[in-house]
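Please open the model in your viewer and keep the selection tool at hand. The stops below follow one another, each with something to select.

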Amino acid sequence: MNRPEAQPPDIHSESFLHSLMRRQLKLSIASALTFLLALLGLPLANYFLPDLMATRFAGFTLTWLVLGVLFFPFVWIISYVFIRRSIALEKSEVDEVNRRDAEAPR
């Protein structure tokens, strides 16, 4: 008797895509909140800590150093972490589907 051939895991199923999208949404929200914290943190620091933010470093006030020099690397770091974690989420979901498929009775 011929045994049916094992089907590859369906990584395009509704449940797989919903699970992946839910985890990536959480990652997106965390990244957006981190960005907003940095974006709104500078004006708040200027308002609540004016003496500290007026301190000079390398010819710049701390406000301009953060805004002009440190802000862009911070955004790049957020982007890098987002991309790495997003790829890791996709790989973990595929691994989970593969594991469930391997454990399923044939």
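Select helix 1 and helix 3 together: they pack at an angle of about 170 degrees with their axes 10 Å apart, the axes being lines fitted to C-alpha atoms over the stretch in contact, with angles running from 0 to 180 degrees between N-to-C directions. Because angles over 145 degrees count as roughly antiparallel, helix 1 is roughly antiparallel to helix 3. The residues of this contact divide into 17 nonpolar, 9 polar and 4 charged, where Asp, Glu, Lys and Arg count as charged, Ala, Val, Leu, Ile, Met, Phe, Trp, Tyr, Cys and Pro as nonpolar, and the others, Gly among them, as polar.

This is a predicted model, in which local features need pLDDT of at least 70 and side-chain atom pairs count only at pLDDT 80 or more, while totals for chains, interfaces and linings use all residues. Residues are numbered from 1 along each chain as its sequence is written, and side-chain values use heavy atoms, with hydrogens and water left out.

Next, select Gly41, where helix 1 bends by about 35 degrees, with Pro43 following within four residues; the bend is the angle between axes fitted to the seven residues ending there and the seven starting there.

Finally, select Val66, found in helix 3, whose C-alpha atom is separated by 7.9 Å from that of Leu42. Not counting residues up to four places away in sequence, Val66 touches Leu42 and Phe71, contact meaning heavy atoms within 4.5 Å.

How values were computed
Helices (H or I, at least four residues) and strands (E, at least two) are DSSP runs, numbered from the N terminus. Angles under 35 degrees count as roughly parallel, over 145 as roughly antiparallel, 65 to 115 as roughly perpendicular and the rest as oblique.
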